[in-house]
Amino acid sequence: MAREIKIVINNLSFGEAPRWRADGLYFSDVHADRVMVLRGDGGLETVMSASGPVSGLGWLPDGRLLVVSMLDKRVLRLEPDGATTVHADLSELATGPANDMIVGPTGVAYVGNFGFSLFPPEPPKLAVLAAVAPDGHVTVAAEDLFFPNGMVISPDGRTLIVGESGGQCLTAFDIADNGGLSNRTEWAALGDGALPDGICLDAEGAIWVASPSTSEVLRIRQGGEVLERIATDQQAIACVLGGVDRKTLYVFTAESTEPAFCREHHTARLLAIDVDVPGAGWP
């Protein structure tokens, strides 16, 4: 079925890591070095300004915001008084720029990295997925992932699924009580040239996948069956189910992923699409 696509914002540098929270849609405008929120009344505010590109977002149980600082491979923490501090340093583990992040119900954050440099280009290399405890202690949660990117956690908090962009697949792990990951399995392989960037989970257990390589978002069932495809005019970068009923699919798209282009032109967009099944789990 054809769905109406609404353009909500059309002048971003590069929108990433959308997260719905009670008071609006939070996201990173990566190459404008800022975290923003789109309020329910349409107001757009800057939540935090950084000294370089930012990506993954999440909240500790006490409500403090965590933000991935990509190039220095750190997780920043926004304090209630507006001060920013270093929550965790990933530089000893991350072999490429730090990227997306998900924070689960216990406050453990899982942070991916490219594994290698895209700009300037380097030969591909597998990466680790880092786990950051609520106190900032960093450990390796999983190894040998091919460009770990968007992640979701199931409503019961027991399963993490990560998109491996380089592997063109979604990979699942069991989450232990201490936040450790085990029992790695392939949740779904993507075909037809699609690759996962940002992802989100719905209440029927399907995952919406933003695929930049094919300029579309796909709703996928475990095992790989594609339930729905929605084409986008630009590359689809990230998505989340939000709104009061979590039945609005917010999709960030971009004309280019090249940082210098994004910083200069600000042509990336935020789209909104009404869907039938609400969001579930985290984010």
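How much space lies in the largest cavity? About 60 Å³ lies there. The structure is a predicted model, in which local features need pLDDT of at least 70, side-chain atom pairs count only at pLDDT 80 or more, and totals for chains, interfaces and linings use all residues. Residues are numbered from 1 along each chain as its sequence is written, and side-chain values use heavy atoms, with hydrogens and water left out.

Cavities come first. Rolling a probe the size of a water molecule over the atoms shows where empty space is left. The search uses a 1 Å grid over the protein atoms alone. A cavity is a set of points where a 1.4 Å probe fits but cannot get out. A pocket is an open set with protein on both sides within 12 Å along at least five of seven lines. Lining residues have an atom within 4 Å of a point. Grid points are joined across faces, edges and corners, and a volume is the space filled by probe spheres set on the points.

Across the whole structure, 3 cavities of 30 Å³ or more are found. Strands β2, β14 (148-153) and β22 (235-242) each give two or more residues to the lining of the largest cavity. Strands here are DSSP runs of E with at least two residues, numbered from the N terminus. The largest share of this lining, 3 residues, comes from β2. Among the lining residues are Ala 17, Pro 18 and Arg 19. Asp 100, Gly 150 and Cys 239 also belong to the lining of the largest cavity. By class, this lining has 7 nonpolar, 2 polar and 2 charged residues. Ala, Val, Leu, Ile, Met, Phe, Trp, Tyr, Cys and Pro count as nonpolar; Asp, Glu, Lys and Arg count as charged; the others, Gly among them, count as polar.

The pockets follow. The largest pocket has a volume of about 590 Å³. Its lining holds 28 residues, and Phe 114, Leu 118, Phe 119, Phe 147 and Thr 257 lie nearest its centre. This lining divides into 17 nonpolar, 9 polar and 2 charged residues. The second largest pocket holds about 280 Å³. It is lined by 17 residues, with Arg 21, Trp 59, Val 103, Trp 282 and Pro 283 nearest its centre. Strands β2 (15-21), β6 (54-59) and β10 each supply at least two residues of that lining. The classes there are 11 nonpolar, 3 polar and 3 charged.

Annotated residues come next. UniProt positions are given in the numbering used here, with feature names shortened, and annotations may be inferred rather than shown by experiment. In the unreviewed UniProt entry, a "binding site" annotation covers Glu 16, Asn 149 and Asp 197. These residues are spread over 182 residues of sequence, yet they cluster in space, with a largest C-alpha distance of 11.1 Å. The lining of the largest pocket includes Glu 16, Asn 149 and Asp 197.

Glu 16 sits in strand β2. It is buried, at 4% relative accessible area. Buried means under 20%, exposed over 50%, and partly exposed in between, with a 1.4 Å probe and protein chains only. Contacts are heavy atoms within 4.5 Å. Beyond its neighbours within four places in sequence, Glu 16 contacts residues including Asp 100, Asp 197 and Phe 252. Asn 149 is found in strand β14, and is buried at 3% relative accessibility. Among the residues that Asn 149 touches are Asn 99, Asp 100 and Asp 197.

The unreviewed UniProt entry also lists Asp 197 under "active site". Asp 197 lies in the loop between β17 (181-189) and β18 (199-201). Its relative accessible area is 9%, so Asp 197 is buried. Contacts of Asp 197 include Glu 16, Asn 149 and Ser 165. A "binding site" annotation in the unreviewed UniProt entry covers Asn 99. Asn 99 is placed in strand β10 (residues 98-103) and is buried, at 5%. Among its contacts are Ser 55, Phe 114, Phe 147 and Asn 149.

Cysteines close the account. A disulfide is a pair of cysteine sulfur atoms within 2.5 Å, and the count comes to 0. Cys 169 is in no disulfide; the nearest cysteine sulfur, that of Cys 239, is 16 Å away. Cys 239 is buried, at 2% relative accessibility. Cys 169 is also buried, at 10%.

Notes
Helices (H or I, at least four residues) and strands (E, at least two) are DSSP runs, numbered from the N terminus.
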